[in-house]
Amino acid sequence: LEEAGYKYVFIDEVTLMDGFIEGAALFSDIFASSGMKIVLSGTDSLGFLFSQDEQLYDRCIMLHTTFISYREFENVLGIKGVDEYIRFGGTMSQSGENYNKNIFSSKKTTDEYVNTAIARNIQHSLKNYQNEGHFRGLYSLYEKNELTNAINRIVEDLNHRFTLDILTRKFKSHDFGSAKDLLLKDKENPSDSLYELNSEKITSDLMNLLEIKNKEELLVGIEDCHRTEIKEYLELLDLICEIDIVNMTNLNQKNTMIVFSQPGLRYSQAESLIKVLMNDELFKTFSLDERKHITEKILEDVKGRMLEEIVLLETKKANPELEVFKLQFAIGEFDMVIFDEDKGECQLFEIKHTNEPFENQYRHLTDQNKLAETQNRFG
């Protein structure tokens, strides 16, 4: 190719080559050094990270495409609207109007994506790196062909916790919380149907449902060390990110929330769980319109929580020099705080997925006691 005058060579799915991780230096040391420009691409992100750390150290420019921001989603694909991004955002594997819809449109296709694009790729890279010497605590799972299954389960488990958190906030203390209120106050179609359901039973069914899904028969049990290492690889792949939750009453106590960088993956799995939950026997006795209306309202709440996650994640990625976190008080919270320690300044935000902002939504931002406490600590 060089003799024929070619200057640029593009190699797709290069990580599928035998020995790519161990032999990648030949691209830079032989071909690139003679003046050619080589672009390597593929779905196996971990393989690139391993080769960047060794064979291509200081000799390559890395561009991650696991995380596709909302602005890129709109600009590159010409698809407008944050709701579309919540439902299907996250990869660049297809173009045009059907972007990602084939991937994240159902639980089956979403599970296939997690299996092939995430779990199998992690296993493939570990198998080809350091002669299988980097499996660490995951070797026992790999040996029994359970590693792909374990990675799948942990991705699903992280999404279950997200869904469980949303639904149990609604289904606790005989009170469906905001879902009930939303339905009761709905201007076009008010409903008190949710008050008829046995919320304790639904909570119990939900817990069982999620646990059952997580307890497939395995030859090797998943332990904390496995979870930690798999989570590390998911973070390396830019698939998940931790956002701090700061407790104003105890600043030493820091919790975190795990955010998925691919909203379509999270929404698809949450949606499928909620649809299964809606098979409650009493719920089935409601009219079709009522069932549909209630499901839509709860999915609206999922979108609201996901919008919070998207804004937090993109703000954190865009401002690596600043602290971006959620701030909780004894009662209420600020959805997002951006803290500039050098300047001694902070900005506070309420994040809502709504067409009609009203005063009650931002009441915490105008609470003088909360503002005074925040100013004292964060400027």
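Is Phe-378 buried or exposed, and at what relative accessibility? Phe-378 is buried, at 4% relative accessibility. The structure is a predicted model.

## Overall picture

The protein has 16 helices and 7 strands. It has 379 residues, and 45% of them are buried. The accessible surface comes to about 20500 Å². Carbon and sulfur atoms supply 48% of that area.

Contacts across the sequence can be sorted by separation. Take those between residues at least 6 apart. Of these, 63% join residues at least 24 apart.

Helix H4 spans residues 70-77. Its buried residues are Phe-73, Glu-74 and Leu-77. Around the axis they cover an arc of only 105°, so they sit on the same side of H4. An α-helix has 3.6 residues a turn, so residues three or four places apart point the same way.

The other side of H4 carries exposed residues: Arg-71, Asn-75 and Val-76. The buried residues of H4 pack against helix H5, residues 82-88. Just after H4 comes Gly-78, with a positive phi of about 65°.

## Aromatic pairs

A pair of aromatic rings is described by the distance of the centres and the angle of the planes. The whole structure holds 8 aromatic pairs. One of them joins Phe-73 and Tyr-85. Their ring centres lie 5.2 Å apart, with 65° between the planes. That angle makes the pair edge-to-face, because it is over 60 degrees. Phe-73 belongs to H4 and Tyr-85 to H5, so the pair ties together parts 12 residues apart in sequence. Phe-73 is buried, with a relative accessible area of 1%. Tyr-85 is buried too, and its relative accessible area is 1%.

The rings of Phe-325 and Phe-378 also have their centres 5.2 Å apart. Here the planes meet at 50°, so the pair is tilted. This pair links distant parts of the chain, 53 residues apart. Phe-325 lies in strand S5, residues 323-328. Phe-378 lies in helix H16, residues 368-378. Phe-325 counts as buried, because its relative accessibility is 2%, under the 20% cut-off. Phe-378, at 4% relative accessibility, is buried as well. A further group of rings is a cluster: ring pairs link Phe-20, Phe-27 and Phe-48.

## Lysines over rings

Lys-317 lies over the face of Phe-67, 4.9 Å from the ring centre. Lys-370 lies over the face of Phe-329, and its distance from the ring centre is 5.6 Å.

## Thr-110 in helix H7

Which residue's side chain does the side chain of Thr-110 meet in a polar contact? The partner is Ser-268, at 2.6 Å. Thr-110 lies in helix H7, residues 107-128. Thr-110 is buried, with a relative accessible area of 0%.

Leave aside residues up to four places away in sequence. Thr-110 then touches Ile-103, Phe-104, Leu-265, Ser-268 and Gln-269.

Note on methods: Residues are numbered from 1 along each chain as its sequence is written. This is a predicted model: local features need pLDDT of at least 70, side-chain atom pairs count only at pLDDT 80 or more; totals for chains, interfaces and linings use all residues. Side-chain values use heavy atoms; hydrogens and water are left out. Helices (H or I, at least four residues) and strands (E, at least two) are DSSP runs, numbered from the N terminus. Buried means under 20% relative accessible area, exposed over 50%, partly exposed in between (1.4 Å probe, protein chains only). A polar contact is a pair of N or O atoms within 3.5 Å; within protein, one must be able to donate a hydrogen and the other to accept it, and residues adjacent in sequence count only if both atoms are side-chain atoms. Contact means heavy atoms within 4.5 Å. Accessible areas come from the Shrake-Rupley method with a 1.4 Å probe; for residues, only the protein chains shown count as cover. The arc is that of the directions from the helix axis to the C-beta atoms. Rings of Phe, Tyr and Trp (its six-membered ring) pair if their centres lie within 6.5 Å; planes under 30 degrees apart count as stacked, over 60 as edge-to-face and the rest as tilted. A charge sits over a ring if NZ of Lys or CZ of Arg is within 6 Å of the ring centre and within 35 degrees of the ring normal.
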